[in-house]
Amino acid sequence: MKVQLNSQPRLNKRLQVMIQAKEVYLSSDIPCQIRGCAFCNQESDIQLENPIFMLDNEILEQYIDLIEQSNINNIVVLQSQVAYFRKRQQQSQYAQQMINLIESNFSKKIYVYQDEFSIHTQNGNPLILLAQWYNSHRQFLKTELDLCLLTQNYQMHQQCKNLNIKCFTIQDYVKLYENNDLLDFLGMDEEFEQNQEAINNQFPYIPVEECVQQIKQGLLFEGRISIDRNNIKLARIFVKQFQLEIKINQQNRVLHGDRVAVELLSEDQWEQQQKQKEIKFDEDDDDDGNNNTHTNDTSHEIMSTSHLQNLFRKVQSQNLVPYGKVVSVLQRTERHFCGHVENNIFVPADGRYPNFILKHSKYDTLQDKKIQVQFVDWPVWSDKPLCKLKKVLGKAGDMYIEGNVILLEHQVEIREFSHQVLACLPIEGDKYRISEQEIKRRMDLRDILVCSIDPVGCKDIDDTLHCRRLENNLYEVGVHIADVSHFVKPDSAIDKEAAHRCTTVYLVDRRTDMLPKLLTENLCSLVSNVDRLAFSVIWIMDDQANIKDVKFGKSVIRSVASLHYQQAQEMIDNPNDNSQLTQGIRLLNMLAKKLKQLRTDQGALSLASNQVKFSFDDETHNPSDVRMYQLYDTNSLVEEFMLLANCSVANQILQRFPSISVLRRHQEPKMKQLKELQILMNDLGYQFSFDTSKLLSESLDQIQRPNDSFFNKLIRMITTRCMNEALYVCTADVDYPELYHYGLAAELYTHFTSPIRRYADVLVHRLLAASIDLESLPPSMSNKIRMTRICDKLNMRHRMARFASRASSDYHTYLFFKNRPQQIDQAIITGILTDKVTVMIPRYVLEGTIDAQIIDRMNIIIQGTRYRIFDYIQVEISVELHSFHKKIHMKYIKNNN
Amino acid sequence: MSLKRQDGRNLQQMRNIEFKLAIDLSVDGSCLYKQGLTEVICLVQGPRAKTQSELLLIEYSVSPFSNIESKRSSKFDKDYSMFAENLKESFENLIILDENGKSEISISVCVIQNDGSSKSAVFNAITLALLDAGVSMKDFLVSVTVGLDQGNLIVDLTQEESKTAQGELTISYQSRKQKIDFYELKTLKLQQQEMDQLSKLAVSKADEIYQWMKEEIYQIKQKQIDQ
Amino acid sequence: MQIEENLHHDKKEVFLPGDLLSDETGFISGTNTYEEQGKIFSSTTGTINQTNKLIMIKPIKCSYQPQIGEIVIGQIVQIRDKKWIVNIGSSSEATLHLNSTYLPEQRQKTEDDEMNMRQIFAENDLICAEVHSVNNDKSVNLHTRGLKYGKIEDGLLIKVNHYLIVKQKRHFIKLNNNVNMILGHNGQIFLSNQDRTTNNQKVIYCQNYTVQQRVDIANTGKAIKFLQQNQYKISQISIEKVLNYISEKKPQNDWIILIEQFFLEQKTKQQQDQ
């Protein structure tokens, strides 16, 4: 076997550059996988048939939808191509789609040829070399080979011609062999692209190589564009290297998320951030003005680091905002856009993107449709970018389609589960019975009175509880979680799919499952009066809720009742109900209160969220009411025990697997914002300290206003906004004290209790099972680097899922108010901006702004009436939808009282 | 589709092994042993008149530049001293030492480049160097590293693979006696069945290497005699 | 491993450690073999050597095993009670007894001599000696009786592999170019201008070197080194062959190229012979 020695530079831990050598063993026996080949007779599930296609990277990236819909069924992809896309999978939706196609292809036969390890495809363009090899491989085939290379590269065309390889561009191919409907997916024709004058404010880009040079010299700045959601004209970049924010006044054809090179404008064009410091700025202006004339000078040496440092110092000391213009796009954002069509203009749903020009043969068919498009180009003569059709999603205004749009825009997977995934489910389907053998392996808890308490209409019940009194004033409390890991075996197709989806996404009107329905609603759902598999945590506690002992184990349970919160609450409150179950729930309630007290004593925060609940009209499916969630004692009952279970499990797995456990941590809040809140609260006469979570919790408790229960909740909401996001971490990356969960005041915390809807819990289940020697840890989980990557992905997906839920909630709020114009309601002033105040309507938990005159940070004047912060006013509400976010317009109505 | 490893090898394929005997003529026996990118050099002196109290001296070292993460290796490092101790035990059983206790053999072995499986390379290098020195010993000692990576049994792990591997087993094996001399298992958790598989694979691979190595030596020595 | 013609080793076949030599009873295991459960195995690399029922292995390469009468060069390591410990590169130590040394007046050694041992040979002195006897435990006794043995100094010592030394009639050699050589059987070669071929006592005393002598010694040393590097047998003939070749070609500057040429020619000659 031939060995090739490759070397590549690498950074070691001390950040020194090392050359790492690597051997690659080249073999000559990589099969062709063509049906009926006499030479390569290796067994495989993929058997290619004529015609066979090979595609270059550009086609795979740009025309993947076309390929999916076309008659191209047998594709040979290079391993290096897959690696190229896999590397960019996280950033680029194009690459993601390509990987999806390869990993879960049902209609197409895709063979990944391992070109990196093949002796035939070295030293040259692997695509052409492989095509050549296939051609020479002809002799072993029974049927004549029909191989076709699709490429957009002119040079490759020439080479293919010389080597007698069939080769087309995608355009030629579609025109020759495919249905005319596919032409629309090709995008722009050449005739459309004429040379025209550049329009105002737009100029050609500097070549990328030159940009990179200039960035190194410090003449240009590199960063990712972010555009304001509400005003597309406001764009800025953040230069990570220098911690410098630059506002863009000449956007020059950028899209949100592009990586761009920016040139600073001369300083006299900069605006000042704050007007108060105007005088100070003028004083210094003369001194530094001279230096700045060099900005556009050709002498690079003067723009050296010392100059840059001066610049930054000045920017920092004077709170200046530098302005710049975009001179080149280094890398376009790679995502698909959803939206609708107006004539030949595509209007994206995300407000951060401009309108696109769409070329399509039949515009009328696209009227009123939601579609998905792909960016093609933004020529210098056009004020709008060009795009091409990717997919027609459905009718606009349809609640289902709109939901789809929300999910797509938040990169939530909405595909059906593939048959490979479904094949991993038990064959018996919903008639699945737990085998005797399985029961023997587990603790049999079927004779214990176990019940579940969940919201109304919950179908995926993943937790149940029980409690019974033991001797010596001790109690046995058990939390039983659906044993999802029994059905989701590591590294199976279903596991990979779940790891890809990471979480179930809840929209107002539906949910997108992480696992197939059979599991979520049936086999794993711990419904009453059926035997179910569970993972149990059982504590022995005394009556002060001190834990005496804890035990983990897989079990079989049989829930006696699936209650909802209100039901459970009524059972507790009903003095005549003395059934065994009710007594158990009462005990749980008693212990939960003790636990809560313990937790609060340690400094756990109870924060409020602005989540709302919709009730729907049965006929129109429009929202008929919006309310805040109502909470019962029983909510907190379930919550307390879930928290306790999570903490116990976190301790257990960290002890056994100190370097590969998945935990959830919550860092300390953003101090700057809390400080602002502190000043405000102190002005209002409340004590407010936030040195520890306990002090903060106590401060929050004592902020009360007579006859106003909402006020406390409001302050909690504001505090919530100062909090950092809780994140999943792999313990390999984080040291022990940093694992602290601030909000819960828990040393260690993880997610264990909802494996049906969160993938993190499935991982934790496996860790726990391994830690008590029930099962061996899957190989993929003992890899620290991989676990870290999984955690990052979990965090990303969770954030996206939250955004999607919020977008959906906003959409429904919009629908609700659309049908009810001119609602008048009471609102509370929550914050003061430069020329506006923010107000919130307690009833709907809506926030909006009202113009006002500002006196100081406590007092304002609205239309002649003087108000203090946190006063109530009357407002009229109207809501508009803008890029997934409700835009609430409020109008002040003079209070007659 | 036949599964390939990161470097294009089949699952149970060794890297290419090369060795060169008598690289240093100033000592009695020497060997440069290459297994892929892992390189080990071994020098043997003796048997010679005793200068110290021990009959067999083994000095094991790892050069500081052998790894890309240059790690200071010291003789006080537990892993090193333990392995040196293991080496000594293994070879004390193998070498026919002077019954009168008047002569000593000193072996010094150094890992010049480490790209995984360095311990098995050390064993093989010492065996070859002893052979070169003409030290009398009872048998060949060959060593091999096998591992379990993502459910696949693999042989001769590279550095990268041993980072991700779930279990890594190094054995040294006396082929004629079918006796395992040294057994080192690095793992987080492994099932009994998997471990049996690993051991079995390691033994069969060690046999393979033994036959190959013997053939090579025969040829080399035959050439020397013919001269 | 079974070897079919295990008793008729006409061909010089190589045996490696652990190879089976004989599994029949009645054979005696000789040097470099070991017995286990009635079978005899080889313990080193070499060719088989059988005399009647005694099987032994003649090693291709091993550490120096002294035999009686061999001339060795060694270094004094230690002085002990009435004897010196000498390092001659063998597997066990060699001793030189006070009684086996040569004194001008042949007489019984007295206590005075014992006190003044260091005056005869001190630590780190180089001596040339003959193997007197080999004990059962393989330790060696040397003697320096005779004028040609004794302390050697003012010369060039070259260490080569002992197996390269060809056993000859004489090991105190005067080469063509008037360099005197002691060819130690243990692979140590000493070059000097001191003539030890005669029993003339006076010659042994140091004489000052001339420039030519120094050049000659250096050249000879180099030639030996190169012979070793190419693993050629070292004997008077082979050394002189090299030296003749060099002097024929009249070396100006580049010794190394000439020597390399020489070995190349030798090699091609060998190949032609084959």
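In the predicted model, a salt bridge links Lys4(B) to Asp29(A), with the closest N and O atoms 3.9 Å apart. The count of salt bridges between chain A and chain B is one, and three residue pairs, both members at pLDDT 80 or more, are in polar contact between these chains. On the side of chain A that touches chain B, the elements that give two or more residues are β1 (2-11), β2 (17-26) and β5 (109-113) of chain A. Of these, β2(A) gives the most, with eight residues. When sorted by class, this side of chain A has 16 nonpolar, 10 polar and 11 charged residues.

The extent of the interface can be described both by residues and by area. In terms of residues, 37 of chain A are in contact with 26 of chain B. The size of an interface is often given as the accessible area lost when the parts come together; between chain A and chain B the buried area is about 2,700 Å², and carbon and sulfur atoms give 52% of that area.

Further along chain A, strand β15 (residues 336-342) of chain A pairs with strand β16 (residues 345-348) of chain A in the antiparallel sense, over four bridges. Within this pairing, Val347(A) in β16(A) is the bridge partner of His340(A). The two strands, β15(A) and β16(A), form a hairpin with two residues between them, and in the turn Asn343(A) has a positive phi of about 55°. β16(A) also pairs in the antiparallel sense with strand β17 (residues 356-358) of chain A, here over two bridges, and Phe346(A) stands opposite Phe356(A) in β17(A).

Helix α11 (residues 399-409) of chain A is mostly covered, as 10 of its 11 residues are buried. After α11(A) comes Gln411(A), whose phi is positive, near 60°.

How values were computed. Residues numbered from 1 in each chain as written. Chains lettered and ligands numbered in written order. Predicted model: local features only at pLDDT ≥ 70, side-chain atom pairs only at ≥ 80, totals over all residues. Heavy atoms only, no water. Contact = heavy atoms within 4.5 Å. Buried area = accessible area lost by both parts, 1.4 Å probe. Salt bridge = Lys/Arg side-chain N within 4 Å of Asp/Glu carboxyl O. Polar contact = N/O pair within 3.5 Å; in protein donor to acceptor, adjacent residues only side chain to side chain. Nonpolar A, V, L, I, M, F, W, Y, C, P; charged D, E, K, R; others polar. Pairing = 2+ DSSP bridges. Buried < 20%, exposed > 50% of the residue type's maximum accessible area, 1.4 Å probe, protein only.
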